[in-house]
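Welcome, and thanks for opening the viewer. Could you walk me through this structure, telling me what to select at each stop and what is there?

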Amino acid sequence: MGVYSRAVAFSVFVSFLLFFTAYSKRNDGTFRVGLKKLKLDPNNRLATRFGSKQEEALRSSLRSYNNNLGGDSGDADIVPLKNYLDAQYYGEIAIGTPPQKFTVIFDTGSSNLWVPSGKCFFSLSCYFHAKYKSSRSSTYKKSGKRAAIHYGSGSISGFFSYDAVTVGDLVVKDQEFIETTSEPGLTFLVAKFDGLLGLGFQEIAVGNATPVWYNMLKQGLIKRPVFSFWLNRDPKSEEGGEIVFGGVDPKHFRGEHTFVPVTQRGYWQFDMGEVLIAGESTGYCGSGCSAIADSGTSLLAGPTAVVAMINKAIGASGVVSQQCKTVVDQYGQTILDLLLAETQPKKICSQIGLCAYDGTHGVSMGIESVVDKENTRSSSGLRDAGCPACEMAVVWIQSQLRQNMTQERIVNYINEICERMPSPNGESAVDCSQLSKMPTVSFTIGGKVFDLAPEEYVLKIGEGPVAQCISGFTALDIPPPRGPLWILGDVFMGKYHTVFDFGNEQVGFAEAV
């Protein structure tokens, strides 16, 4: 559920759901669950965010690869994940003694564990999900400390408790978690998961609670301070994916992982290079951007300026931004002239009076309208959109100048992009019949280019004439010093097997298989 008070709520079309049908223990210490799919009406909508090889060969390959990462081979605990429309990946845990089962999102973008409480009486969502009942657990310990978390897609509140938490074959003792007593809104009502298990750093844990992952290590349940994600994007497969605690499973990737260091503890944040469309640089991250590997975010979120460029390139429908068009009409030529005169790009919008420049980022001048208090509502919260529109226009014009486009073509291009501004709901439709004509979108990480093909960044629901397609890119603007920031959610992690190396504080990516 992830980033900075949690990121974004996403809308997707629903065509099937997944449910557990069988589980099996393996004598190599892994735990797997078989999945099946049940097709539903593809016109329904959902508001969200978000058989094996020979055992000895698998055990040997696990040990070999884990030793290459450093440290003892240890035991790896494997938790299977359910794939809900390539938008929610969740698995099963248990809390208490005897175990009370819950499905949870394993979320690298947050750090708390929470599930609905048996004391949740006034939120409708609690009646549609499993609820934890402390009176039924012999290992329950009372805390009573209050807790509240606000996400972009909803909020939860309740209180902390302690109990045993079972993840796969591992039993974490005296784990602090949140019993939710309030889950307002639609998101958690329709979600296919009961709760959330955070795998971020303790620095972002509400109430400074010790994350489950930390206690796994502290209690000696796993020897290797590493966990890894494999998200299965094959719509025809019964497997949703796996998370492996204590190592990696080599059969889920090919080649070597590209590792980059964590630059800021909290989220799994690292430095990222340029973003490319059809091999051409967008120019936005030429001097570097930050990124987060976030299993709790369904799509791939980034700055509006670049997402709008991607939307245009893939033919995604957005919303017409009149403010964007106004800025382009009135200042487009001026911005172009200043760039041709080699004016420092970051200072252009302040020079033409649309932004106040603070040295790192353009800030709205904050001009307020004079209103008749008797005839209008309060204007608090309204802000001038001219500054961000100007900043985006600078990025777009720079991109076109690098491609030696004519001035007339540049002005037409940025007007067209205004028509492709991302939807405020985070959802942009694309034409399924045009998939083969859409460009590759690429991200540079650790000096290596990671490509996403159209079938990998577009969510396709249904088949034939009833098929509907949604862009996997959504807009999210985070200002410096935290941003510009990209959130590489399930769209990216589905293509690239991801290793979260807690011991060395680094993240690694390799092509998933």
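## First stop: salt bridges

Start by selecting R265 and E505, which form a salt bridge whose closest N and O atoms are 2.5 Å apart. Keep in mind that you are looking at a predicted model. R265 sits in the loop between strand 14 and strand 15 (269-272), while E505 sits in the loop between strand 29 (496-501) and strand 30, so this pair ties together parts that are 240 residues apart in sequence. Both ends are partly exposed: R265 has a relative accessible area of 32%, and E505 has 27%.

Next, pick R254 and E511, another salt bridge, with the closest N and O atoms 3.0 Å apart. This pair also links distant parts of the chain, with R254 in strand 14 (residues 253-261) and E511 in strand 30 (residues 506-512), 257 residues apart. Here R254 is partly exposed at 45% relative accessible area, and E511 is partly exposed at 34%.

Then move to K495 and E456, whose side chains meet in a salt bridge at 3.2 Å, N to O. K495 belongs to helix 10 (residues 490-495) and E456 to helix 9 (residues 454-457), so the bridge ties together parts that are 39 residues apart in sequence. K495 counts as buried, at 15% relative accessibility, whereas E456 counts as partly exposed, at 25%. How many salt bridges does a search of the whole structure find? It finds six.

## Into the core

Select I93, F106, F245, W396, F443, W486 and F492: of the 101 residues in the largest nonpolar core, these touch the most other members.

## A buried serine

Now zoom in on S228, in strand 12 (residues 226-231). S228 counts as buried, at 1% relative accessibility. Its side chain reaches the backbone oxygen of G247 at 2.8 Å. Beyond its neighbours within four places in sequence, S228 is in contact with several residues, among them E242, V248, H497 and V499.

## Last stop: the surface

Finish with F121, F122, L124, Y127 and F128, which make a nonpolar surface patch of about 680 Å². F121 is found in the loop between strand 7 (113-116) and strand 8 (141-151), and is partly exposed, at 48% relative accessible area.

Terms used. Residues are numbered from 1 along each chain as its sequence is written. This is a predicted model: local features need pLDDT of at least 70, side-chain atom pairs count only at pLDDT 80 or more; totals for chains, interfaces and linings use all residues. Side-chain values use heavy atoms; hydrogens and water are left out. Patches are made of residues with over 30% relative accessible area and no salt bridge: like charges are joined within 9 Å, nonpolar side chains (Val, Leu, Ile, Met, Phe, Trp, Tyr) within 5 Å. Accessible areas come from the Shrake-Rupley method with a 1.4 Å probe; for residues, only the protein chains shown count as cover. A salt bridge is a side-chain nitrogen of Lys or Arg within 4 Å of a carboxyl oxygen of Asp or Glu. Helices (H or I, at least four residues) and strands (E, at least two) are DSSP runs, numbered from the N terminus. Buried means under 20% relative accessible area, exposed over 50%, partly exposed in between (1.4 Å probe, protein chains only). A nonpolar core is a set of buried Ala, Val, Leu, Ile, Met, Phe, Trp, Tyr and Cys residues joined through side-chain atoms within 4.5 Å. A polar contact is a pair of N or O atoms within 3.5 Å; within protein, one must be able to donate a hydrogen and the other to accept it, and residues adjacent in sequence count only if both atoms are side-chain atoms. Contact means heavy atoms within 4.5 Å.
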